[in-house]
Amino acid sequence: MRELPLVEESDSRVTWLSLNACPTLDACVQLGFDTREVCRAVCEKPTQLFLSRLDPSLRFVRDYSAIRPYAPHCRESIVRLDLEALMREAIEEARTAKAEGNKGYGAVLLLGDRVVARAHDSITTDGDPSKHGELKAICQAAATLGSPDLCGALLLSTCEPCPMCAGLAVWANVTTVIYGSSIADTAAMGRTRIMVGAAEIAQRSPFTIEVFGGLLKDDCDSLYT
């Protein structure tokens with residue numbers, strides 16, 4: 001299509017240049033709003049929610065440095081992630097945590113198809129009860145990206161985030177959380193947990209956030225037995 005010319009097409013990525021008529025663009029130009037902020041806030045999560053219904057491994061990526069009217073087109077992509085490979089990276093973080101004498105939780109955070117943070121819990125070694133792997137990954141990503149707004153980000157964790165970490169994911173505006181073991185699973189294994197699930201936090205949140213569980217569950221469960 002002339003209005004959506006493809007510039008890249010592979011098994012893991014499709015990229016096109018949007019040249020089509022856009023009411024959001026027209027409204028921003030007329031009202032003097034910045035499309036780099038408005039389009040991210042308005043379009044990013046609904047587009048991802050639609051893709052996730054098809055397959056959670058599909059991620060929507062837009063280049064906000066090349067967006068109309070500041071560029072001749074909007075460069076957009078759909079990428080397919082290897083979620084199991086990414087969870088294995090989180091599992092390696094968890095194993096590092098255990099080797100250091102901590103409880104063994106690992107997390108990886110991505111923006112699009114780019115890993116921007118890897119972290120594991122360090123409560124024991126740092127003597128700080130807040131040093132959960134997910135919290136550290138979110139803070140690390142915000143520092144790397146130079147913004148507390150992680151809209152579009154995907155957080156993978158070996159275990160379902162506790163209420164503190166799930167709450168932080170909400171306040172950071174993370175788009176998706178995917179975990180391996182659940183809070184209920186690890187509580188049944190003897191772990192001390194606050195029995196409030198990440199999905200419940202998300203449902204009560206003022207922001208939209210997806211939560212999926214059970215990725216490489218057996219591998220993640222083995223960390224906590």
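Author: Let's start with a word we'll need a lot: a residue is called buried when its relative accessible area is under 20%. Keep in mind, too, that this is a predicted model.

Reader: What does Gly-152 touch, leaving aside its neighbours within four places in sequence?

Author: Glu-44, Arg-59, Leu-110, Leu-111, Gly-112, Asn-173 and Thr-175. A contact means heavy atoms within 4.5 Å, so each of these residues has to meet that limit with Gly-152.

Reader: And how far apart are Gly-152 and Val-174, in sequence and in space?

Author: They are 22 residues apart along the chain, while their C-alpha atoms are 6.3 Å apart in space.

Reader: Asn-173 was on that contact list. Why is Asn-173 called buried?

Author: Its relative accessible area is 18%, and that is under 20%, so Asn-173 gets the label. Asn-173 lies in the loop between helix H6 (163-171) and strand E8 (176-181).

Reader: What makes the phi of Asn-173 worth a mention?

Author: Phi there is about 65°, a positive value, although Asn-173 is not a glycine. Most residues other than glycine have a negative phi.

Reader: Where else does a residue other than glycine have a positive phi?

Author: Look at Leu-216, with phi near 50°. Leu-216 lies in the loop between strand E9 (210-212) and helix H9 (217-221).

Reader: How do you know whether Leu-216 is buried or exposed?

Author: Check the value against the cut-offs: Leu-216 has a relative accessible area of 14%, and under 20% means buried, so Leu-216 is buried. Apart from neighbours within four places in sequence, Leu-216 is in contact with Glu-84, Met-87, Arg-88 and Ile-91. Take Met-87: it is 129 residues from Leu-216 in sequence, yet the C-alpha atoms of the two are 7.3 Å apart.

Reader: Now strand E3. What makes the link between Arg-62 and Tyr-64 a polar contact?

Author: Their side chains are joined at 3.3 Å.

Reader: Why is Arg-62 called buried?

Author: Arg-62, which is found in strand E3 (residues 58-62), has a relative accessible area of 14%. That is under 20%, so Arg-62 is buried. Not counting residues up to four places away in sequence, Arg-62 touches Cys-39, Cys-43, Ile-67, Arg-75 and Glu-76.

Reader: Which kind of peptide bond runs from Arg-68 to Pro-69?

Author: A cis one, with omega near 5°. Most peptide bonds are trans. Pro-69 lies in the loop between E3 and strand E4 (74-80).

Reader: Zooming out, how does the radius of gyration of the protein chain sit with that of a compact globule?

Author: With 225 residues, a compact globule would have a value near 17 Å; the protein chain has 19 Å, which agrees. Its C-alpha trace spans about 60 × 35 × 30 Å along the principal axes.

Reader: How many helices and strands does the protein chain have, and what share of its residues counts as buried?

Author: There are 9 helices and 9 strands, and 46% of the 225 residues count as buried.

Note on methods. Residues are numbered from 1 along each chain as its sequence is written. This is a predicted model: local features need pLDDT of at least 70, side-chain atom pairs count only at pLDDT 80 or more; totals for chains, interfaces and linings use all residues. Side-chain values use heavy atoms; hydrogens and water are left out. Helices (H or I, at least four residues) and strands (E, at least two) are DSSP runs, numbered from the N terminus. The radius of gyration is taken over C-alpha atoms; the globule rule is 2.2 Å times the number of residues to the power 0.38. Buried means under 20% relative accessible area, exposed over 50%, partly exposed in between (1.4 Å probe, protein chains only). A polar contact is a pair of N or O atoms within 3.5 Å; within protein, one must be able to donate a hydrogen and the other to accept it, and residues adjacent in sequence count only if both atoms are side-chain atoms.
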